[in-house]
Amino acid sequence: MLYLVGLGLGDAKDITVKGLEAVRRCRRVYLEAYTSVLTVGKEALEEFYGKELILADREMVEQEADSILKEADVCDVAFLVVGDPFGATTHSDLVLRAVKLGIPYEVIHNASIMNAVGCCGLQLYNFGETVSVVFWTDTWKPESFFDKIEKNRQNGMHTLCLLGKQQLPRFLTNMYL
């Protein structure tokens, strides 16, 4: 069985009871380590969950998914995601691969930024399309998010901008300068 387990937004104790029970049953536990940042480190999660965690970067999840799914048809494997498991398309791809291989799966949802954003005082009904602002490189500078933000503004809507974890320190530094 493949378990996709949402970890919530704060710390190790934000995992649901159902999620924690699943993690503790698993032979292998992967921690998705590229779409979001948890406020505690891997070690704190390992201590609370009682399991060693295998870091899964973007390359592993997108290019080496078979290594994650290996033997999931005969033993339990968990894939942990900050927030909710379906906050990123690569997680849906993992489920589709499992289905294709005949591997049963279970999704254990949790809170994510998509519903926690309401704590900022803005009405969730007034949010337009969410955009990902990706980390630019010297050779890759996508600007597709600009059009979506502008469309939301024209419609009088708020925009939730998701930042790549590489951008967060720079964003916070620029925000307070």
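# Notebook: salt bridges, a surface patch and confidence

I began with Glu71, which is partly exposed because its relative accessible area is 36%, between the limits of 20% and 50%. The model is predicted, and I kept that in mind throughout.

**Entry 1. Glu71 and its partner**

I looked up where Glu71 sits and found it in the loop between H4 and E4. I then checked its backbone and read a phi near 65°, a positive value in a residue other than glycine. I noted for comparison that most residues other than glycine have a negative phi.

Which residue forms a salt bridge with Glu71? I found Arg27, with the closest N and O atoms 3.7 Å apart. Arg27 lies in the loop between H1 and strand E2 (28-32), and Glu71 lies in the loop between helix H4 (65-69) and strand E4 (77-81), so the pair ties together parts that are 44 residues apart in sequence. I also looked up the accessibility of Arg27, which counts as exposed because its value of 57% is over the 50% limit.

**Entry 2. Other salt bridges**

How many salt bridges does a search of the whole structure find? I wrote down 6. As a reminder to myself, side chains of opposite charge can pair when their charged atoms come close.

I looked at Arg58 next, and it forms a salt bridge with Glu62, with 3.0 Å between the closest N and O atoms. Both residues lie in helix H3 (residues 58-63), 4 residues apart, which is about one turn of the helix. I recorded Arg58 as partly exposed, with a relative accessible area of 43%. Glu62 is also partly exposed, at 27%.

I then turned to Lys148, whose side chain meets that of Glu129 in a salt bridge (3.5 Å, N to O). Lys148 lies in helix H7 (residues 144-154) and Glu129 in the loop between H6 and strand E6 (131-133), so this pair ties together parts that are 19 residues apart in sequence. Lys148 is partly exposed, with a relative accessible area of 33%. For Glu129 I noted 42%, which counts as partly exposed.

I found Met114 in helix H6 (residues 113-116). Is Met114 buried, partly exposed or exposed? Met114 counts as partly exposed, because its relative accessibility of 44% falls between 20% and 50%.

I listed the residues that Met114 touches, leaving out those up to four places away in sequence: Leu124, Thr130 and Leu160. I also checked a C-alpha separation, and that of Met114 and Gly83 is 8.8 Å, although the two are 31 residues apart along the chain.

Which residues form a nonpolar patch on the surface with Met114? I found Leu9 and Ile113, and the three together have about 240 Å² of accessible area. Leu9 lies in the loop between strand E1 (2-6) and helix H1 (17-25). At 32% relative accessibility, Leu9 counts as partly exposed.

**Entry 3. The whole chain**

I counted secondary structure elements next, and the protein chain has 8 helices and 7 strands. I read off the span of the C-alpha trace along its principal axes as about 50 × 35 × 30 Å.

Of the 177 residues, 36% count as buried. The protein chain exposes about 10600 Å², and carbon and sulfur atoms supply 54% of that area. I looked at contacts between residues at least 6 apart in sequence, and 74% of them join residues at least 24 apart.

**Entry 4. Confidence**

I left the confidence scores for last. The protein chain averages a pLDDT of 87, and 91% of the residues score at least 70. Where is confidence lowest, and where is it highest? Confidence is lowest in helix H8 (residues 168-175), at a mean of 49, and highest in H1, at 98. Over residues 171-177 the pLDDT is below 50, and this stretch has 1 contact in the model beyond near neighbours in sequence. Where pLDDT is low, the predicted coordinates should not be read in detail.

How values were computed:
Residues numbered from 1 in each chain as written. Predicted model: local features only at pLDDT ≥ 70, side-chain atom pairs only at ≥ 80, totals over all residues. Heavy atoms only, no water. Helix = DSSP H or I, 4+ residues; strand = E, 2+ residues; numbered from the N terminus. Buried < 20%, exposed > 50% of the residue type's maximum accessible area, 1.4 Å probe, protein only. Contact = heavy atoms within 4.5 Å. Patch = residues over 30% accessible without salt bridge, like charges linked within 9 Å, V, L, I, M, F, W, Y side chains within 5 Å. Areas by Shrake-Rupley, 256 points an atom, 1.4 Å probe, with all protein chains shown as cover. Salt bridge = Lys/Arg side-chain N within 4 Å of Asp/Glu carboxyl O. pLDDT = per-residue confidence, 0-100.
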